[in-house]
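Please keep the sequence and the model in view while reading.

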Amino acid sequence: MKTIVVVKVGLLVLLLAITGAMGLEYGYQTAEPQKTGWPLTDEERAYVLRPEFERRPGREDPAAPKHRPDLWPVLPSAGYWGGTSWLDCHAGLVKVAQASQGPIDVLLVGDSITMQWGAAWTRHFGQYKTVNIGIGGDKTQNVLWRLDHGGVDGLEPRMAVLLIGNNNMFFTPETGIAPAARGIKVCLDWLRDRFPKAPVVVVKIFPAHGPGVPFYEDIKKTNAALDALKLEGDPQVRVLDLWNDMVTADGNLRPGLFAPDSIHLTQDGGYELYANRLKPFITAALSGQPMPRQERTSVPATVTPPVGPVQPKPIGVAPANPVNAEPAQAVQAIYRDGLAAGWLNNPIQAQVNLDDRSAADGGGQAIAVTTEAYGAAQFLRWGTSLDTTLCRSLSFRIHGGADGGQDLRIALMKGLAEGPRLRVTPVPRGGQWSRVTIALEDLGLAKARDLYGVRLWEAGGVASTYYLDDLHLSGEAVDSLDGVVYDDVCRGGWFGNPFAATADTANVAPVHGGERSVAVTLAGGGGCAQFSLANAQFDTTASEALSFWINGGPTGGQKLQLFVKRWHGEAPAWDIPVPPANAWRQHKVPLSALGAARANDIAALWFRDANTGQPQPVFYLDDIRFVRAAPRAAAAVVSYPYAPYNEGKMDPQLTGWPLTEAEQAWVAQGEYTRKPGHEVQKHLPEMWPVVPSAPVWPAPDGHGNLWLDHHATLVERVRAASDSIDIVLIGDSITQGWGGGWDGAALSTAWRERFGAYKTVNLGIGGDRTESVLWRLDHGALDGAEPKVAVLMIGVNNAPLVTANGVPASRVAEGIALCVRNLRARCPKTDIVLTKILPAFAPDGAVHQAIKAINREVDALRLDADSRVHVVDCWTSFTTADGSLRADLYSDGHLHLGPAGYIRLAEQLRPVVDRLLVR
């Protein structure tokens with residue numbers, strides 16, 4: 001039987017013909033060559049390995065691509081983590097499905113929240129045969145693609161649980177809310193048609209972050225739109241809504257249920273709640289009874305009233321008429337035999353006695369904290385805040401009570417936002433006091449003026465009593481964690497999160513440094529087994545590499561990969577060299593190799609099976625940290641014609657890499673607003689080609705600057721090659737076209753056949769102009785390198801500005817000369833081969849004439865008077881007798897070269913380059 005489901009998407013009506021054999025027929029033809037089935041054809045595999053944004057509906061017509069975000073959530077699309085990683089994970093789950101052929105009890109479908117079911121599922125549902133096909137980061141369209149491409153082939157589930165849509169919230173500003181909700185319904189329709197006898201529980205999207213955050217608000221709107229679709233009109237469908245269970249009366253996330261990223265669930269808190277609420281549905285469905293309908297009840301948070309005459313407002317609500325922060329002091333007391341003035345006690349799921357005398361450390365009394373599971377001691381200021389600009393650290397003494405061993409987290413409230421939750425170390429000892437001192441920088445409060453609160457959470461899920469005393473801020477300087485992820489414990493908001501694996505983050509032997517390491521055993525999991533170190537949002541802008549130590553345990557030989565999960569963009573996997581048995585080995589991986597250079601959205605580090613699908617024996621990790629890049633204070637080597645630039649009145653960092661925070665903010669502005677003259681509201685196009693400027697290439701998702709990412713990648717390649725470079729290629733897209741550049745393309749046949757004996761690094765970036773190359777040279781492009789030959793070709797992208805914006809051709813030539821001068825100063829032993837701009841565009845057009853004018857001005861400068869500069873003119877090799885372009889040499893007929901063009905250009909360069917490299 002075939003059922004027709006009509007889904008309205010904007011003005012388009014999609015007729016979704018649901019077929020048991022082929023999944024849904026979506027009524028919209030994308031460019032995907034294989035709509036359903038597994039394994040993929042070679043053509044389909046090549047297609048889905050393109051970034052997802054290149055495959056979105058509407059882009060199938062290359063001549064007239066369209067933007068149809070309203071279709072994204074309702075049409076299948078393979079996910080993309082960079083390279084083959086996502087596809088490999090899907091392939092692993094297909095193997096799991098194939099190994100589980102026939103009847104199963106429960107099919108779990110979703111994203112990372114489904115993927116991370118762990119101990120709670122085993123405790124509550126371990127007796128049932130379950131297949132989990134959750135993949136982290138998936139959106140509705142990715143689930144649809146997996147269902148259509150073998151994800152559940154051969155399975156006969158008795159029921160299914162569907163939780164999807166969270167990751168669609170990143171795109172609701174483009175797609176809108178209604179399509180996101182419809183995407184969930186299309187996933188449901190697929191399951192109901194393929195498995196008509198299997199009841200389905202649709203779990204509404206869990207809350208994330210907090211009230212006022214767009215992500216949180218869009219989840220609420222999407223869940224409301226899902227209600228309007230009346231899914232329970234199908235008697236075999238039930239909707240489970242846990243929103244009220246997961247938030248307090250004021251809408252904030254309930255403590256203990258969520259990981260520090262405020263999205264994922266804790267195993268013994270959030271998943272325990274989820275399992276308990278899901279149990280009646282699973283029990284009924286698997287016993288052949290109708291599933292119950294959910295009662296809509298509200299579960300308010302438990303909040304103990306504060307001690308004292310002043311009643312604070314609920315958590316998350318700003319104090320009325322807050323006054324300015326109290327003056328900064330080098331020491332700020334919070335508790336010494338009582339709370340300091342302005343501080344209030346407001347515990348959550350805990351009892352706090354401020355004058356306990358049973359274990360006082362100094363004076364006569366201390367704070368006794370008796371927690372329920374996941375309880376919090378909380379001390380707040382309402383109406384005033386503290387200025388901590390003179391303070392460097394938070395210090396307190398702690399006593400573990402009778403037994404000790406509490407797993408505590410501490411966080412500070414800056415304004416009303418909670419900073420990173422850090423694990424309290426050393427772990428509280430039973431029967432004795434110890435001191436804890438934490439750098440405010442690591443708590444997100446360095447030099448802040450708006451400290452509002454301190455929270456200490458019991459994260460171990462165990463009720464206990466511990467004691468605090470002498471809680472204060474001081475000017476004492478302590479070492480910052482400075483990028484530490486793990487050293488004896490997880491630091492800086494990081495926490496362990498295994499999937500299809502076991503992990504002990506307090507392993508005592510072997511260790512590399514300190515007293516603890518992480519012991520990991522991967523169970524197989526169809527190729528998705530992993531140990532994840534997760535974080536709310538880590539910024540690697542100031543880092544250059546990830547360093548970690550690994551020990552292969554008794555056997556060694558594990559096949560592992562390292563993958564960095566980002567909230568935006570994609571990242572490639574890095575193959576971890578096979579670890580030795582019973583020996584420690586350090587790896588320092590450039591962030592550019594992990595797709596994480598200059599990123600501010602790192603969500604997790606995954607140490608995972610290298611897609612073998614086989615169990616990996618125990619191995620150990622230790623001393624995991626991001627290595628900060630030391631700013632390279634490269635001195636300016638040329639003086640530019642625009643004095644305000646040289647004086648630092650425009651660009652706050654004229655040279656050096658990585659960038660300072662001020663420079664990052666500066667280059668994030670649109671390039672046009674940073675051009676010479678615009679700082680005083682003048683239009684000075686004659687200065688554009690001769691003053692360094694970083695372009696801006698917005699990422700497809702609106703986050704970051706791809707051009708800077710490409711520059712960072714090239715800086716890393718030069719550093720890796722160091723002084724062993726024979727040839728460096730510098731320029732724009734024509735140079736990039738030689739291959740071997742930031743985009744990972746192999747060196748072209750033309751280059752390999754003529755220059756394959758030479759070690760070559762290609763620094764070409766498409767679209768670059770003279771000012772772009774100048775900026776790159778001043779910001780680390782060749783730091784520490786001394787190539788034997790530099791082949792420079794730049795200026796063609798300046799030519800259109802000659803006619804469009806009044807840029808003088810002579811100034812473009814001067815910009816080219818500045819590039820030569822900069823190279824000569826930085827690499828005095830390097831020979832420079834300057835290739836004049838190749839002919840481009842129609843001979844009778846203004847841009848073609850501008851190119852000829854620029855080349856004439858370059859000739860007039862007599863740059864080859866320097867014995868280390870060699871000018872090559874290829875004009876006549878690319879034009880016919882009447883001056884028109886040799887179309888057979890160009891891939892587009894007017895600008896970029898085809899294979900024959902690169903062969904011709906290589907023939908022109910070879911005599912000069914060979915002569916320079918053998919002399």
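## Cis peptide bonds

P39 is found in the loop between β3 (23-25) and α1 (42-48); helices here are DSSP runs of H or I with at least four residues, strands are runs of E with at least two, and both are numbered from the N terminus. The peptide bond that leads from W38 to P39 is cis, with omega near 5 degrees. A cis peptide bond also joins W657 and P658, with omega about 0 degrees. P658 lies in the loop between α11 (643-646) and α12 (661-667).

## Basis of the model

This is a predicted model, in which local features need pLDDT of at least 70 and side-chain atom pairs count only at pLDDT 80 or more, while totals for chains, interfaces and linings use all residues. Residues are numbered from 1 along each chain as its sequence is written, and side-chain values use heavy atoms, with hydrogens and water left out.

## Overall composition

The protein chain contains 20 helices and 35 strands. Of its 919 residues, 56% are buried; buried means under 20% relative accessible area, exposed means over 50%, and partly exposed lies in between (1.4 Å probe, protein chains only). The chain exposes about 35,300 Å², of which carbon and sulfur atoms supply 52%; accessible areas come from the Shrake-Rupley method with a 1.4 Å probe, and for residues only the protein chains shown count as cover.

Among contacts between residues at least 6 apart in sequence, 77% join residues at least 24 apart. Contact means heavy atoms within 4.5 Å.

## Nonpolar cores

In soluble globular proteins, nonpolar side chains tend to be buried together. The largest nonpolar core in this chain has 126 residues, and L605, F607, L621, I624 and L782 have the most contacts inside it. Such a core is a set of buried Ala, Val, Leu, Ile, Met, Phe, Trp, Tyr and Cys residues joined through side-chain atoms within 4.5 Å. Helix α18 (residues 809-826) provides the largest share of this core, nine residues. A second, separate core of 98 residues includes L24, L87, L147 and V200.

Which residues surround I624, leaving aside its neighbours within four places in sequence? The contacts of I624 are V484, V485, Y486, L533, L546, S547, F548, L605 and F607.

## Helix packing

Two packed helices are described by the angle between their axes and the distance between the axes. Axes are lines fitted to C-alpha atoms, for helices over the stretch in contact, and angles run from 0 to 180 degrees between N-to-C directions. Angles under 35 degrees count as roughly parallel, over 145 as roughly antiparallel, 65 to 115 as roughly perpendicular, and the rest as oblique. A crossing is left-handed if the near helix is turned anticlockwise from the far one by less than a right angle, and right-handed if clockwise.

Helix α5 (residues 140-148) and helix α7 (residues 177-194) pack at about 20 degrees with their axes 9 Å apart, and are therefore roughly parallel. α5 passes α7 in a left-handed crossing, where T140, V143, L144, L147 and D148 of α5 meet A180, G183, I184, V186, C187, W190 and L191 of α7. The axes of α18 and helix α19 (residues 846-860) come within 8 Å and cross at roughly 55 degrees; the two helices are therefore oblique to each other. α18 passes α19 in a right-handed crossing. A809, S810, V812, A813 and I816 of α18 make the contact with A853, I854, E857 and V858 of α19.

## Positive phi angles and a buried glycine

Most residues other than glycine have a negative phi, and most peptide bonds are trans. H209, although not a glycine, has a positive phi of about 65 degrees. H209 lies in the loop between β7 (200-203) and α8 (214-228) and is partly exposed, with a relative accessible area of 30%. D337 is likewise not a glycine and has a positive phi of about 60 degrees. The loop between β9 (332-335) and β10 (343-345) holds D337, which is partly exposed at a relative accessible area of 36%.

G251 and G210 are 41 residues apart in sequence and 7.1 Å apart in space, C-alpha to C-alpha. Leaving aside neighbours within four places in sequence, G251 is in contact with P211 and Y216.
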